[in-house]
Amino acid sequence: KKWEKEADKFGKQMMKVLYNKEDNLFYDVHIESGKQIKMLTPCSVMPIWAGIKMDEEKKHAMIKDYLLNPTYLFGNIPFPSVAYTEETYLAGKWWRGSTWLSESWIMLDLLLENGYEKDRL
C-alpha cells in the first residue's frame, strides 16, 4: 500500500511537470530552467508503459499519433532513438538514429499491454 501511494504521488508529479497537454506527450525538463525539452523520443510515451494514470482517450491518442505513426516512430526501423522528424536524427547511427533493443522491447510491451497486439511487428 505504501509503495502504491508513493507511485501515485510520483505519477501526479510527472503529469504536472513532464506532461505537455498541447502535444499530448511527455518531455524531459531542463533542471535549472524548469522548461520542457521538446524532443520526440520513445521516452515521450514511456510513462504509459510505466503505468502512469492518465485519461484513456489521451493515452490511446498518444500511442496512435506518435508511437504507431510512421512519420515519427514506426517507420522502416521502428522506434528510433529520436523521432525521424527530429533535426538530431541520424539514419544508421546508434545514438541519434537507428534503434535501441531495450527501447524497442519496451515499446512492443507497451503496445501489447494497451491492446495493440495486431500492431506489433
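Which helix gives the most to the lining of the second largest pocket? I looked this up first. Helix H1 (residues 2–17) does, with eight residues. Helices here are DSSP runs of H or I with at least four residues, strands are runs of E with at least two, and both are numbered from the N terminus.

The model is predicted, so I note the terms: local features need pLDDT of at least 70, side-chain atom pairs count only at pLDDT 80 or more, and totals for chains, interfaces and linings use all residues. Residues are numbered from 1 along each chain as its sequence is written, and side-chain values use heavy atoms, with hydrogens and water left out.

**Pocket.** I took a pocket as an open set of points on a 1 Å grid over the protein atoms alone, where a 1.4 Å probe fits, with protein on both sides within 12 Å along at least five of seven lines; lining residues have an atom within 4 Å of a point. The second largest pocket has a volume of about 250 Å³, the volume being the space filled by probe spheres set on the points, which are joined across faces, edges and corners. I found 13 lining residues, and Ala7, Asp8, Gly11, Gly51 and Ile52 lie nearest the centre. By class the lining has seven nonpolar, two polar and four charged residues. Ala, Val, Leu, Ile, Met, Phe, Trp, Tyr, Cys and Pro count as nonpolar, Asp, Glu, Lys and Arg as charged, and the others, Gly among them, as polar.

**Aromatic pairs.** Rings of Phe, Tyr and Trp (its six-membered ring) pair if their centres lie within 6.5 Å; planes under 30 degrees apart are stacked, over 60 edge-to-face, the rest tilted. I count five aromatic pairs by this rule. One of them joins tryptophan 49 and tryptophan 105 edge-to-face, at 6.4 Å centre to centre and 80 degrees between the planes. This pair links distant parts of the chain, 56 residues apart: tryptophan 49 is in helix H2 (residues 46–49) and tryptophan 105 in helix H4 (residues 101–113). Tryptophan 49 is partly exposed at 34% relative accessible area, whereas tryptophan 105 is exposed at 53%. Buried means under 20%, exposed over 50%, partly exposed in between (1.4 Å probe, protein chains only).

I also looked at phenylalanine 74 and phenylalanine 79, whose ring centres are 5.6 Å apart with planes at 65 degrees, so this pair is edge-to-face.

**Positive phi.** Phenylalanine 79 is buried at 1% and lies in the loop between helix H3 (56–67) and H4. Its phi is positive, about 60 degrees, although it is not a glycine.
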